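Take a look at it first, then read on.

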Amino acid sequence: MASSAIGLFHDPDSALEAAGELMSAGFARPELQSPIPLHGVEAVLGPKKSVIRRFTLFGGLFGAIGGFTLAAGTAVLYLHPAGGRPIIAIPPFLIISYEMTILCGILATVLGFLISARFPAIRERIYVPEAAVDKFVVTVPCETSEHSDRAEAILRDAGAEEVRHLREDGS
Amino acid sequence: MRDEKQELQYSDVNDDVVRSLVVTGRNYYIALGLAIFVTLACFFFPWFYQLYFGIGAAGNNHPAVWGTYLASFIFWIGLSHSGTLLSCVLHITNSEWRKAMYRSAEAMTLFSLLVAATMIMVHVGRPWFIHWAVPYPNQMELWPNFRSPLMFDVMAVTTYLTGSLIFIYMGSIPDFAAVRDRTTGWRHHLYVLLSLGWRGTDTEWHRLGWAYTFLAVLIIPLAVSVHSIVSWDFAMSLVPGLHQTIFAPYFVVGAIYSGTAGIVTVMYVLRKYMNFEHYITKLHFDNLGKLLIVLSLIWTYINVLELFTGWYSGTSTEYEQLNYKLFGFYAPLYWEMILFCAAVPLLMLSRRIRTSFFPMLLISIAINIGMYTERFLIVATTQVRQYLPDRWGTYVPSLVEISIIVGSLALFITLFLVFVKIFPSVSIYEIKETMDTPKKGKPEWQAAQ
Amino acid sequence: MNFLDRFISSWQKFRKPGYYEEFDYAWTMTIDLDRCTGCGACVTACQAENNTPIVGEKELAKGREMQWMRIERYWEGEYPNARLSFIPMLCQHCDSAPCETVCPVSATYHNQDGLNTQIYNRCIGTRSCAVYCPYEVRYFNYNDHHWDSPLDQQLNPDVTVREKGVMEKCTFCVQRIRQAKDHAKDDGRRRVQDREVQPACVQTCPSEALVFGDRKDTNSSVSKSMRDPRAYHVLEELNALPSVVYLKKVATDA
């Protein structure tokens with residue numbers, strides 16, 4: 001039955017080693033849980049692309065154009081001459097546009113983060129509470145019990161302090 | 001009792017932070033109760049009195065229509081520049097020493113902005129209509145006047161408030177996850193919601209790292225622009241003494257200056273009363289002290305420039321302004337400001353003073369008193385000495401105003417006290433990053449068992 | 001026309017400097033300082049016409065006087081050789097008014113008559129216009145005011161009574177200008193005649209030092225008065241383009 005093998009490691013290097021060996025043994029991409037961001041993950045597990053960049057860029061552009069449109073458009077809707085200045089005054093509206101660029105860029109980045117990291121987590125996902133404290137955790141999905149035995153062997157070889165098996169039904 | 005940081009384990013960090021959240025001593029409740037009482041008595045009560053009787057409750061008159069409320073607004077926005085701006089800059093430059101203190105510094109930013117927003121509501125003559133300054137479609141078909149420097153202010157401060165809130169929240173998501181596992185009851189539910197289901201997987205760390213860096217890159221120009229825009233409320237007027245191009249850099253430097261001094265104060269308090277001695281060390285105070293010296297020197301330079309350009313201009317109005325500022329009715333305040341902001345910080349040139357905690361606290365408080373005086377002088381001395389001598393006057397703040405200043409500080413303290421019990425006030429995962437990562441093989445303490 | 005057309009036409013129409021010249025009227029006032037005696041009748045008339053509050057002794061001591069028109073006094077020298085110069089100062093209705101740009105809710109703007117108007121309903125009381133005005137002619141309502149009986153029966157029904165928190169200033173008696181324009185329209189005329197409308201101060205001045213009219217009409221008395229060689233603007237170097245022209249005092253001390 002499908003389950004996940006979970007290995008708890010004391011240090012990040014062993015965890016990375018274990019993950020690398022699992023991948024070369026043909027398992028699906030393992031997931032690493034850790035209390036701090038790890039370095040060298042991409043070397044072992046393959047490169048990651050970030051789509052957040054695009055969100056920020058489009059958010060910023062939207063804010064820039066939207067900010068200017070807001071300021072200039074509302075100025076035209078209700079003509080309100082003030083101080084002999086033009087109705088559509090470029091320097092003040094550029095400042096508004098600048099602020100809106102940053103605001104929309106920030107909001108778009110947050111949106112991009114939530115979407116690409118799949119937050120908030122509605123359904124339960126595999127989680128090991130020790131990963132938030134001081135253990136480095138490798139989880140890998142296994143289809144059969146034979147796979148999970150092999151996974152356990154690999155994890156113990158790499159120096160896991162503890163290996164758990166989590167079946168799909170939660171046991 | 002742990003002696004050195006090298007013996008700190010990852011789990012100790014979690015323990016310390018969870019304990020700081022959950023274990024509440026009697027002193028905390030006393031402090032919180034006092035802060036709430038002073039806020040209600042010194043801020044809200046005089047404000048409601050003023051709402052009923054009009055701005056006449058303050059000491060404003062003609063010509064001094066702007067008073068301490070606006071000076072306080074500028075001061076609190078200045079104080080807010082420390083946390084988030086500093087945090088972002090230090091993040092981009094990959095500096096290590098920021099990690100222990102930036103969470104509380106960012107919280108300081110957020111609460112300063114909130115207090116500044118309330119100061120605007122106190123300052124305005126008809127605050128029940130202040131929503132008209134926000135661009136929203138309405139039945140009157142009226143929009144605010146985007147050509148106004150005050151509208152730039154509205155947009156900038158709103159953006160900065162949103163950005164700060166998002167920045168501190170994003171940085172705290174892993175910490176919420178860490179404390180979620182160890183708390184119960186309402187805290188547990190709150191942290192479950194706030195942590196969004198964070199598990200600490202490599203994907204999540206990767207995404208968070210990128211998002212956080214982008215936010216930091218966006219917030220740095222934002223913070224510089226916010227206080228420049230606030231300075232343009234003054235600089236775009238024709239008032240001699242205010243109508244100067246130096247105002248934008250002057251205000252930004254002053255803001256970072258007073259904000260960093262505020263961080264020193266907050267760090268001292270946190271370290272002493274939340275038992276964070278291991279995380280907030282002499283190194284932090286040393287580095288903050290160095291930063292303060294640089295800012296103090298720049299601030300002094302800009303003040304000298306103002307004197308020089310005023311004298312060099314040769315116009316009667318600028319001359320009169322300078323004369324009045326240095327030797328007029330407010331001269332004692334001017335010289336006090338010079339003493340506290342230009343002279344006293346030079347003490348920090350000595351390494352011994354920079355690494356002693358109590359002197360740094362005193363110097364940081366002195367800097368902030370001097371900076372508040374500077375804001376007050378900008379508002380008070382310039383309005384009362386403009387072009388037409390028939391309209392010269394004086395401005396003395398009334399009791400209501402002084403009470404509201406004290407109350408705003410109490411409001412800030414209240415918000416901060418509530419914060420330390422709900423947010424992890426020290427960033428758990430970043431502290432762990434500064435500690436040595438565990439190496440392969442059993443550690444000594446385990447082998448010894 | 002659709003929004004884009006409106007956008008482009010507003011851009012073009014309002015970009016060139018001096019677009020106020022195309023407005024309907026350009027109300028201007030000249031103040032002849034040779035004729036002005038400093039009697040203050042204009043101040044009183046303005047107070048009577050515009051329901052300006054009587055602030056009382058205590059508030060006056062704090063410096064919160066409310067006089068839309070004020071007589072500025074400057075003393076030179078010591079007794080017995082003291083000399084007094086005075087100048088009536090009121091809102092100059094500047095074409096490049098610094099106060100208009102800074103209001104965040106557009107409570108002050110330049111209307112089609114060339115007047116700098118204040119919309120009391122819209123004002124939220126930020127008081128930035130008062131700071132930005134170099135002539136310091138804007139007055140803020142620090143308190144709610146009341147008029148002791150029977151002064152409350154003297155209030156002008158054509159003018160609102162302002163509540164606390166609202167900024168006010170001289171409006172060139174815009175209520176009288178409105179009435180005059182209405183009469184002109186009823187009569188089928190297109191324009192208000194010269195000297196048909198006079199603000200309270202101009203009407204009251206005993207020495208006729210104040211002249212009011214439309215400077216777009218080159219034959220009006222105010223245009224002729226403006227062409228006097230003594231004409232100048234107060235604080236001209238600030239380039240606010242005020243609509244109040246002062247005629248310099250050259251009377252000798254004979």
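## Before we start

This is a predicted model: local features need pLDDT of at least 70, side-chain atom pairs count only at pLDDT 80 or more, and totals for chains, interfaces and linings use all residues. Residues are numbered from 1 along each chain as its sequence is written, while chains are lettered from A and ligands numbered from 1 in the order in which they are written.

## Where the chains touch

Let's begin with chains A and B: 55 residues of chain A are in contact with 50 residues of chain B. Here, contact means that the C-beta atoms of two residues, placed from the backbone, lie within 7 Å. On the chain A side, α1 (12-24), β2 (31-33), α3 (52-77) and α4 (90-116) each supply at least two residues. The largest share, 16 residues, comes from α4(A). Helices (H or I, at least four residues) and strands (E, at least two) are DSSP runs, numbered from the N terminus.

That side of chain A divides into 35 nonpolar, twelve polar and eight charged residues. For these classes, Ala, Val, Leu, Ile, Met, Phe, Trp, Tyr, Cys and Pro count as nonpolar, Asp, Glu, Lys and Arg as charged, and the others, Gly among them, as polar.

Chain B also meets chain C, with 38 residues of chain B in contact with 35 of chain C. Helix α5 (residues 149-180) of chain B gives the largest share of the chain B side, four residues. By class, that side has 21 nonpolar, twelve polar and five charged residues.

## Helix α4 of chain B and its partners

Helix α4 (residues 102-123) of chain B packs with α5(B) at an angle of about 150°, their axes 10 Å apart. Axes are lines fitted to C-alpha atoms, for helices over the stretch in contact, and angles run from 0 to 180 degrees between N-to-C directions. That angle makes α4(B) roughly antiparallel to α5(B); angles under 35 degrees count as roughly parallel, over 145 as roughly antiparallel, 65 to 115 as roughly perpendicular and the rest as oblique. Among the residues making the contact are L110(B) and L113(B) of α4(B) and L161(B) and I168(B) of α5(B). The contact has nine nonpolar, four polar and two charged residues.

With helix α8 (residues 247-273) of chain B, α4(B) packs at an angle of about 120°, and the axes are again 10 Å apart. This makes α4(B) oblique to α8(B). Here S104(B), A105(B) and M108(B) in α4(B) meet G262(B), I263(B), V266(B) and L270(B) in α8(B). This contact has five nonpolar, two polar and no charged residues.

## Strands in chain C

Chain C has eight helices and ten strands. Four strands form an open sheet in the order β8-β1-β10-β9, with mixed pairing. Two strands pair if DSSP finds at least two bridges between them. β8 (210-214) and β9 (231-232) of chain C stand at the edges with a single partner strand each, so one side of each has no neighbour in the sheet. β9(C) pairs with strand β10 (residues 244-247) of chain C in the antiparallel sense over two bridges, and A231(C) stands opposite L247(C) in β10(C).

Elsewhere, strand β2 (residues 70-76) and strand β3 (residues 83-89) of chain C pair in the antiparallel sense over seven bridges. Y74(C) has S85(C) as its bridge partner in β3(C). Six residues lie between the strands of this hairpin, where G77(C) takes a positive phi near 80°.
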